[in-house]
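Subject: Structure handover

Hello,

Here is the structure for you to look through. My notes on what was found in it follow below.

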Amino acid sequence: MDAQKEALRRIISTLASKNEELQNFLEAVDHTLTGLQVSSLIKGKFALVSCEELLDFANQTLTINTEEEFLAVRVTMAPAFRLTTRPAVSDNMSQFTVDFSAERAGLQRLHFLPVPRAPQIDASSCVVRDNTITVTWRPPGEADSGGDSSSRPIERYDLEYRKTDRDSTLRVAGEACWEKVCDIIEPQVTISGLKFDSRFIAIRVRARNKAAAGEFSEPIAIETTAYNFSFDASTAHAELKVQGDTVTWEPQGVKGHDPRLRGKENKSSRSATPSPNKTAASRGGRDRFAGESYTVLGDEEMTNGCHYWELRPLADWKSFSVGVAYRGSLGRFDQLGKGTGSWCLHASQWLQSSLAAKHNNRAKTLDWPLPHRIGIYCDYDNGDLLFIDVDHLRLVHAFKTKFSQPLVPAFTVWCGGITIATGLQVPSFMGNFLTTNRSLSSLSP
């Protein structure tokens, strides 16, 4: 607001100068000239009064302390005071006047656009689904005018959102923390591609017209429930490298190894990549998996409810497994699917492609192409564990059991790597699989 006030001060300075010029002119006419009609002096004094009124109005505007009121007139203020003394002379040179009536009339005709009030977010109409949020709000003035806000035209809306773990004190964080969605035309917008790694997402919105942007609405907190976990690097086999959401196999002491090699290469190339059953054991910390168990666990337990995450194998992968396990039931040398406390889907491109579901040292071969994106769904309370080919929306395999201990996500990687996606809601398409595929055969006892 300081910049606008400085501009107004310059306008007032110019207007005061014109006012002084007019006063000097009238005094000179009054004292030195003769033969002018009295009416000319009267009209000149009326012009002086008009100029003084304009000057008073400008000075009063300068005393406004609130930014909202000042910004409401800032767009139309400057043109109103672009005044000049334009003397008019009668045909017989008997009258000489300066007329400000046109400027005054123009000022009186000005229509000041109000600063828009804050819209009201309709929390009951907001929808959270498949990691997207659809936000709906009521335009400002709609409630006051019975649903008609045409008298206060709104050109655009701006929406801001940020993640938070509290549904109160939403204004504590700095302004830089807000993500922005600008130039929204309708009173509704959908925010997609979100990772739900916080308990809530705070949202606020404001309206804009040609004159100014209004204040943001009071933020509301929308709950964003999802399963979040990371790899527990302390459990990772010494030959597995954990980096963020990615795990890669980096063998130790294997000369000439190239993980980019494919399974159906010539014999000399295959001999440079050791079999998972023949690689020397590498012992790390006490909790690390070792031997032929190239395993790493997730760091968040599941004790109730529904959970979903996804896995993608990297381009150079040879073999991996993904599933769930009882943390306490896995020894350092245990492999996924070999005991009663772990369930997994195993995929391999070593020598030949294969896909199998494993549990309690039993394997069921699956006649399905190797998925490029696997969704894992675990309903702890109902004992459901489903593996989905997300790209084709097909059920790869379903386990039906009764979980009796806390579960953790479990992964095995040999030659290549995998990456995971967490913070995902249970997708809406899971409903179809849960209602139509629970009767499928299972390896569970």
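Strand 11 and strand 12 are paired antiparallel, with four bridges between them. Strands here are DSSP runs of E with at least two residues, numbered from the N terminus, and two strands pair if DSSP finds at least two bridges between them. Please note that this is a predicted model, in which local features need pLDDT of at least 70 and side-chain atom pairs count only at pLDDT 80 or more, while totals for chains, interfaces and linings use all residues. Residues are numbered from 1 along each chain as its sequence is written, and side-chain values use heavy atoms, with hydrogens and water left out.

Buried means under 20% relative accessible area, exposed means over 50%, and partly exposed is in between (1.4 Å probe, protein chains only).

Strand 12 also runs antiparallel to strand 23 (residues 417-421), joined by three bridges. Thr248 has Gly417 as its bridge partner in strand 23.

Another four strands make an open sheet, in the order 7-6-9-10, with antiparallel pairing. Its edges are strand 7 (179-184) and strand 10 (220-223), each of which pairs on one side only. Between strand 6 (residues 156-164) and strand 7 there are four bridges. Glu160 has Lys180 in strand 7 as its bridge partner.

**Thr235**

Thr235 is in the loop between strand 10 and strand 11 (240-243). Thr235 counts as buried because its relative accessible area is 5%. Its side chain reaches the backbone nitrogen of Leu297 at 3.1 Å. Among the residues that Thr235 touches are Asp287, Phe289 and Arg327; contact means heavy atoms within 4.5 Å.

**Nonpolar cores**

A nonpolar core is a set of buried Ala, Val, Leu, Ile, Met, Phe, Trp, Tyr and Cys residues joined through side-chain atoms within 4.5 Å. The largest one has 41 residues, and those with the most contacts inside it include Trp309, Val322 and Phe411. Apart from it lies another core, of 19 residues, including Tyr157 and Phe196. Val322 touches Trp309, Trp343, Phe387 and Phe411, among others.

**Aromatic pairs**

Rings of Phe, Tyr and Trp (its six-membered ring) pair if their centres lie within 6.5 Å; planes under 30 degrees apart count as stacked, over 60 as edge-to-face and the rest as tilted. By this rule there are 15 aromatic pairs. In one of them, the ring centres of Trp343 and Phe403 are 5.3 Å apart and the planes are at 90°, so this pair is edge-to-face. Trp343 belongs to strand 16 (residues 342-348) and Phe403 to the loop between strand 21 (394-400) and strand 22 (407-414), so the pair ties together parts 60 residues apart in sequence. Trp343 is buried at 3% relative accessible area, and Phe403 is buried at 8%. Phe429 and Phe433 form an edge-to-face pair too, 6.1 Å centre to centre with 85° between the planes. Tyr227, Phe229, Phe231, Trp309 and Phe411 form one aromatic cluster.

Regards

Conventions: Polar contact = N/O pair within 3.5 Å; in protein donor to acceptor, adjacent residues only side chain to side chain. Lists of a residue's contacts leave out its neighbours within four places in sequence.
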